[in-house]
Each structure stands twice: as C-alpha cells, then as structure tokens.
Amino acid sequence: MAEKEIKTIAVLTSGGDAPGMNAAIRAVVRKALSNGMKVYGIEKGYQGLLNGEIHEMTSKDVSDSIQKGGTILRTARSEEFGTDEGKAKGAKILKDLGIDAVVVIGGDGSYKGALGLSKHGIAVVGLPGTIDLDIACTDYTIGFDTAVNTAMEAIDKVRDTSSSHERCSIIEVMGRGAGYIALWCGVASGAEEILLPENYDFDEQRIINHIIQARKIGKTHFLIVNAEGIGHSTSMARRIEAATGMETRATILGYMQRGGSPTCKDRFYATIMGAYAADLLKQGKTNRVVCHMNGDFCDYDIDEALAMKKTVPEYWVEIARAMSR
Ligand code: F6P
C-alpha cells in the first residue's frame, strides 16, 4: 500500500486491443475526475509512454466512446519498455509530469510492465483487458464476451454453407495459447469437435474416426472449432479430406474477433472495473489488479495474481464432449 496521496494518474492500453477497453478508459477518467484527481491519457501503450505521447484528459475526451471497439488511446507492443532502462525511462517521464500512478489495461504481460514501473516509485493498478480470458486471477476479462459472440456468429454463418455443401469445416479462433474462446464458441455453436491447446493430443485419427462414425449415423456436415494455439487448420483440412473423402475447408477467423462494438456485458463490467481502479488509487492502494471472481469484483496484489495458474475446467471439457456425440 502506498502512503502518499495519489493526486495525478494516467491510463494506458497495452498489448492486443479488446472491445470494452474504451468503456474502461472512460470509467477510469470519469471516476478519477469525480474523485478530484487529475488524469492523463498515454497513447500507444508503453511505447507511447517512452515517446512522451501523453496528454491530459477531460470528461469530454471520453464522450461517444463506450460503444466503440478498439481503444481510443491506441495500443502497441514495446520491446524498448521490456528492458530495465526502458522501465526506468518510463517512470522518469511520468514523474517529470507529476504523474503518481498508472492504470494499465491489458493482459498479464502488461502487468509485468506495470510492476517494472512500480519498482521505480510509480503506483500501478492493472485491469484485465484481453479477448483471450487467459488471466488466472479473474474469471472475466474485458473483451472476451464480445469476441466469443463475434466468433459464434461467424461460426453460425460457416455452418450454413458447410451444411448446404455437406462439408467438414475447420474454424480457427484466436486465444493465443489458451482455449477459452474455442471452448465457449465451440459449445455455443454445437461443434462436433473442439480442439484446445490445453489438452490436444495430436490424434487426428480419432477425429477422422469421429467424422466417419458421424456420417454413418446420418450427419451430413461436421464442424471443428480449432484454437489458434494448435493452429495448422489448412493442412489439417487437407489431411482430413484425404482420409475421409469428405470435402473439408478451413476458415481462420483472425482479427475480426478483436473488433466490433462491445456487448452490454463488456461495457458494464469494464465500467465497474475502470471505476474500481480509480477508487483503489484514491485510497492510496497500489500494485493491485482488478478482477472478477465468484460473482463479484475484487482486487489482488499483482505479484500474487501473476503467480496464479489457470486451466480450462475438466468438467466443461467433459460436457463439451458429451454434447458433440
Ligand atoms: O491477445 C489477443 C490476441 O488477439 C491473441 O488471441 C492473438 O494470439 C494475438 O493477440 C495476436 O496478436 P497481434 O495483434 O500482435 O498479432
């Protein structure tokens, strides 16, 4: 906990953008202003910090943003900030502007950057902003809800054409090394196979047998949702077509999953989290990450949060398998 009163804060978005980040920025700015603090926006993440792309923000600056996808502060990944010198330089730039604290909206890589700033005397609070849901300390991350709904709608569309042509379709969804997006939209779209990096055994023969079996019981199309962490959907499609004789196509959804207007849930949760971050700083708390766990919003120490491990619940996987038989 910081003893010193925090009067001036900054907010940045880092790593991949996620729908709902604007709602979080807006909430940080407006709650901090109503707490009597001065607020700065840092453009383009940690790289923008090092470039001095920092400006004061008013309530008006975040008007008309809650419904927009992407991030109005823009984002970047910075190699320079990854170094000790980069972090020291960033902290000095903040101190020279009289900024006591930074709210970092991003994934757990961004929290590591925040910890670096805190070692140089800047108070920090992290907000979980990623479509991947791969942050262990929270069961909700800003952008996941919009991304899975976008992916689900896209999969429904592929299903229409796949079914009309009696094809097998492999649809690859984002998620980096995590399978949450694949699991959620795979279950929600009734996929016959959902391939997750957390438990994939590379047994393509089992998938081929499943397709052959499904055709025997009268299924005329077959949907496979494959996670980005497994990848290789195009070559997988070629092998499955050769082994089953069923026309097989791969569709890689890609960046469209990261865009679009955020869902109500992403706007609401991001608003609560952004305001919560401003309140933590008002109370002089630092090195915290705002989370959602067991039905409520809460906060953890960043070091503690980074040490936590997350995995896809085995029971969910079992249910997903039962649904696809
Ligand atoms: O972390 C969000 C995410 O979209 C991942 O799902 C994906 O692996 C990655 O970012 C892509 O990152 P980039 O924008 O650097 O290509």
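Q: Let's start with Glu192: buried or exposed?
A: Glu192 counts as buried, at 7% relative accessibility; buried means under 20% relative accessible area, exposed over 50%, and partly exposed in between, with a 1.4 Å probe and protein chains only. Keep in mind that this is a predicted model, where local features need pLDDT of at least 70, side-chain atom pairs count only at pLDDT 80 or more, and totals for chains, interfaces and linings use all residues. Residues are numbered from 1 along each chain as its sequence is written, and side-chain values use heavy atoms, with hydrogens and water left out.

Q: Where does Glu192 lie?
A: In the loop between helix H6 (180-188) and strand S7 (193-195). Helices (H or I, at least four residues) and strands (E, at least two) are DSSP runs, numbered from the N terminus.

Q: And what does the Glu192 side chain make a polar contact with?
A: With the side chain of Lys219, at 3.2 Å. A polar contact is a pair of N or O atoms within 3.5 Å; within protein, one must be able to donate a hydrogen and the other to accept it, and residues adjacent in sequence count only if both atoms are side-chain atoms. A polar atom of the Glu192 side chain also lies 2.7 Å from the backbone nitrogen of Leu223.

Q: Which residues does Glu192 touch, leaving out those up to four places away in sequence?
A: His210, Lys219, His221, Phe222, Leu223, Ser324 and Arg325, where contact means heavy atoms within 4.5 Å.

Q: Switching topic: how is the chain divided into domains?
A: Domain 1 is 8-143 + 262-307 and domain 2 is 145-258; the bounds come from an automatic or database domain assignment. Their centres, taken over C-alpha atoms, are 34 Å apart.

Q: What area is buried between domain 1 and domain 2?
A: About 1100 Å², with carbon and sulfur atoms giving 53% of that. Buried area is the accessible area (1.4 Å probe) that two parts lose on being put together, summed over both.

Q: Which three residues supply more than any other three on the domain 1 side?
A: Ile131, Asp132 and Leu133, with 42% of the area that domain 1 buries against domain 2.

Q: How many salt bridges between the two domains?
A: Two, a salt bridge being a side-chain nitrogen of Lys or Arg within 4 Å of a carboxyl oxygen of Asp or Glu.

Q: What does Asp132 form a salt bridge with?
A: Arg176, and the closest N and O atoms are 3.9 Å apart.
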